[in-house]
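Me: I have a model open and want to learn how to read it. Can you take me through it feature by feature?

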Amino acid sequence: LRRLQQDRLVIARANQRFSVAPYDLSDLEAVLCLHLVNVSLAIQVGVPFLTDEDIDQLERCEDVMMAAAEKSDQLRWEAAYRDFILSIVAHAGQRIGNLIGELIDNIQRYRETTLNAAPVVYVGGSQLPEIFEAIKMRDGKLAASRYAKFAGRTSSLILAGVAPQYEPARLRAYIVALGAFEER
């Protein structure tokens with residue numbers, strides 16, 4: 001419960017029980033923005049340090065994600081995606097990896113509690129091989145650029161799925177700011 005309280009998903013009041021925190025779209029948008037920026041930067045930093053064993057692990061994750069997408073297996077895709085991202089960013093540092101893991105968990109909790117786990121993971125599935133191609137070349141900047149496009153698009157669709165009328169101005173600003181990662 002304390003962890004859920006830290007994630008602002010429950011509220012604890014003195015001498016009362018815990019209650020579910022009110023849902024706030026701007027908080028979900030902020031988590032998506034943090035994820036987009038931190039993963040993109042960690043990819044840029046970590047990819048050049050990937051070993052051949054790391055690449056093999058990423059290839060296995062990619063295979064699972066693509067097979068899960070074909071079978072519309074949301075849970076399997078999400079587990080493989082989490083492993084994929086955490087493997088890519090492992091060489092960016094343990095703290096950043098832990099932060100990214102927490103952000104992935106937060107997004108998943110939002111999806112489970114507020115979005116009724118609406119499937120959005122298959123969006124941009126064709127972009128995964130492009131991201132992986134840049135990773136295999138150990139080109140951190142290119143991999144970060146391709147990931148930022150994928151994650152920006154997916155994040156936009158998550159917000160649109162939750163509240164089509166919501167204006168994700170901050171998310172768009174972060175996507176534009178990540179224009180620095182544009183492909184050469």
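Reply: Start with one cut-off. Buried means under 20% relative accessible area, exposed means over 50%, and partly exposed is in between. Keep in mind that this is a predicted model.

Me: Where is S72, and is it buried or exposed?

Reply: S72 sits in the loop between α3 and α4. Its relative accessibility is 53%, so S72 counts as exposed. The positive phi comes just after α3.

Me: Let us look at α3. How do I read a helix with a buried side?

Reply: An α-helix has 3.6 residues a turn, so residues three or four places apart point the same way. In this structure, α3 has 19 residues. From first C-alpha to last, α3 reaches 27 Å, close to the 27 Å expected at 1.5 Å a residue. Its buried residues are I55, L58, C61, E62, M65 and A68. Viewed down the axis of α3, these buried residues fall within an arc of 145°, so they line one face of the helix.

Me: What covers the buried residues of α3, and what does the face turned away carry?

Reply: The cover includes α4 and α6. The face turned away carries the exposed residues D52, E53 and E70.

Me: And α4?

Reply: α4 has 15 residues and reaches 21 Å from its first C-alpha to its last. That is close to the 21 Å expected at 1.5 Å a residue. Among its buried residues are W77, Y81, F84, I85 and I88.

Me: How do I read the nonpolar core?

Reply: In soluble globular proteins, nonpolar side chains tend to be buried together. Here the largest nonpolar core has 43 residues. Those with the most contacts inside it are I43, L58, F84, I85, I88, I135 and Y147. Helices α2, α3, α4, α5, α6 and α7 each supply at least two residues of this core. The largest share, 9 residues, comes from α7.

Me: What does Y147 contact, leaving aside its neighbours within four places in sequence?

Reply: Y147 is in contact with H35, V39, S40, I43, Y81, I85 and I131.

Me: Last topic: how many salt bridges does a search of the whole structure find?

Reply: Look for a Lys or Arg side-chain nitrogen within 4 Å of an Asp or Glu carboxyl oxygen. The search finds 4 salt bridges. One of them joins E29 and R170, at 3.3 Å from N to O. E29 is in helix α2 and R170 in helix α8, 141 residues apart. E29 is buried at 2% relative accessibility, whereas R170 is partly exposed at 39%.

Me: Which residue does R138 pair with?

Reply: R138 forms a salt bridge with D52, the closest N and O atoms being 2.8 Å apart. This pair links the loop between α6 and α7 to helix α3, across 86 residues. D52 is exposed, at 54% relative accessibility.

Me: Which residue pairs with D105?

Reply: R82, with the closest N and O atoms 3.1 Å apart. D105 lies in helix α5 and R82 in helix α4, so the pair ties together parts 23 residues apart in sequence.

Definitions and conventions. Residues numbered from 1 in each chain as written. Predicted model: local features only at pLDDT ≥ 70, side-chain atom pairs only at ≥ 80, totals over all residues. Heavy atoms only, no water. Core = buried A, V, L, I, M, F, W, Y, C linked by side-chain atoms within 4.5 Å. Buried < 20%, exposed > 50% of the residue type's maximum accessible area, 1.4 Å probe, protein only. Helix = DSSP H or I, 4+ residues; strand = E, 2+ residues; numbered from the N terminus. Contact = heavy atoms within 4.5 Å. Expected span 1.5 Å × (residues − 1). Arc of directions from axis to C-beta.
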